[in-house]
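Welcome! Please take a look at the structure below, and then we can walk through some of its features together.

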Amino acid sequence: MLNRENLVSLFDEQLASWEQAGNNYKALERVIAKEVDIDGFPFKVQFNPARIVSSAAKVDTKSIQERKCFLCSENRPAVQKGLEYIHNGDRTDIYTVLVNPFPIFPKHLTIPLLAHKDQAILGRFDAMADLASLLPDYTLFYNGPKCGASAPDHFHFQAGNRGFLPLEDCMDKLQKKEVSHYGNSIVYEVLSAINGLIIVKSSSRKELIDIFYKIYSLLEVKEGETEPMLNILCWFDKGIWTTALFVRSKHRPSHYFAEGDENILISPASVDLGGVFITPLEKDFEKISAKDIKDILNEVCISFDELEVLCRKIKLKL
Ligand SMILES: [Zn+2]
């Protein structure tokens with residue numbers, strides 16, 4: 001059963017019995033980080049070599065078809081144990097809470113659906129909100145199939161311990177504008193530092209889910225894609241859900257494909273957009289600047305102007 005106590009025991013047990021996970025969490029304690037200010041918002045850059053598996057993951061259809069799915073229970077290492085979560089008592093909606101063996105956070109979870117189904121948030125955001133309230137020590141996150149998920153073919157959330165992402169504690173350093181009041185919930189448009197960002201604050205599960213799907217229905221689905229390009233963070237504190245929706249325009253920035261000195265191996269996802277940029281290579285950690293981070297954000301998320309247009313539509317819909 002999923003609860004705080006069992007989760008603490010799972011971590012202790014897995015770090016003791018699973019050598020690879022134990023080593024990677026130990027290595028994380030020695031990981032180096034630096035702070036880079038973007039318009040008054042303190043981004044962190046983390047040099048994390050173990051994350052090369054995710055940042056450089058091949059997620060094209062052919063590569064995915066040719067590998068065994070690492071989130072299906074039959075392919076997971078025997079040593080990896082998990083806690084079952086049955087959402088809303090529905091036996092077709094079962095998740096397994098696992099320790100992520102390639103951590104960014106001091107406590108990092110991967111939460112795959114038991115069934116092998118595509119990464120798509122439609123119909124599953126309510127499970128995200130429920131997991132956030134069930135795990136108040138964690139921030140839940142969702143990476144869309146073309147927005148950083150390294151298993152786009154197997155639905156999963158991730159979660160990391162609270163108090164790590166600058167977005168949680170530095171929300172007041174972002175300029176924001178109220179877009180709409182919906183019942184007791186408020187939707188904000190972010191006007192500085194991070195482009196393409198919508199924040200929803202709500203004390204009502206029902207309102208939050210309504211708002212999410214109303215916004216979702218207004219987002220563009222690009223040709224050949226299965227859903228709007230999105231990263232989502234969600235956490236629950238003192239009875240209030242905070243949800244950050246990053247509306248994306250691109251999967252990987254030009255820096256990822258550039259040759260020579262221009263190259264920066266970075267594949268932004270929820271954690272990077274929430275304020276912790278992950279660089280698996282030391283050369284990138286050394287050289288990445290505020291300008292690079294700004295350029296990357298401008299490339300991968302919609303612009304402030306595009307967000308303004310979207311927020312006008314949201315205002316009419318809510
Ligand atoms: Zn699978």
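Let's start with a pair of helices: helix 5 passes helix 7 in a right-handed crossing. A crossing is called right-handed if the near helix is turned clockwise from the far one by less than a right angle, and left-handed if anticlockwise. The contact involves F125, D126 and A129 on helix 5, together with R205, L208, I209 and F212 on helix 7. Here, two residues are in contact if their C-beta atoms, placed from the backbone, lie within 7 Å. By type, the residues of this contact are 5 nonpolar, no polar and 2 charged. Nonpolar covers Ala, Val, Leu, Ile, Met, Phe, Trp, Tyr, Cys and Pro; charged covers Asp, Glu, Lys and Arg; the others, Gly among them, are polar.

The axes of helix 5 (residues 125-134) and helix 7 (residues 205-218) come within 10 Å and cross at roughly 140°, which makes helix 5 oblique to helix 7. Axes are lines fitted to C-alpha atoms, for helices over the stretch in contact, and angles run from 0 to 180 degrees between N-to-C directions. Angles under 35 degrees count as roughly parallel, over 145 as roughly antiparallel, 65 to 115 as roughly perpendicular and the rest as oblique.

## About the model

This is a predicted model, in which local features need pLDDT of at least 70 and side-chain atom pairs count only at pLDDT 80 or more, while totals for chains, interfaces and linings use all residues. Residues are numbered from 1 along each chain as its sequence is written.

## The whole chain

The protein chain has 12 helices and 13 strands. These are DSSP runs numbered from the N terminus: helices are H or I with at least four residues, strands E with at least two. The radius of gyration, taken over C-alpha atoms, is 19 Å, close to the 20 Å that the globule rule gives for 318 residues, so the chain is as compact as a globular protein of that length. That rule is 2.2 Å times the number of residues to the power 0.38.

Of the 318 residues, 39% count as buried. A residue is buried if 20 or more other C-beta atoms lie within 10 Å of its own, exposed if 12 or fewer, and partly exposed in between, with C-beta atoms placed from the backbone.

## Two loop residues

D39 lies in the loop between strand 1 (32-38) and strand 2 (41-47). Its phi is near 50°, a positive value in a residue other than glycine. D39 is partly exposed, with 13 other C-beta atoms within 10 Å.

K238 sits in the loop between strand 11 (230-237) and strand 12 (240-247), and phi of K238 is near 50°. K238 is exposed, with 6 other C-beta atoms within 10 Å.
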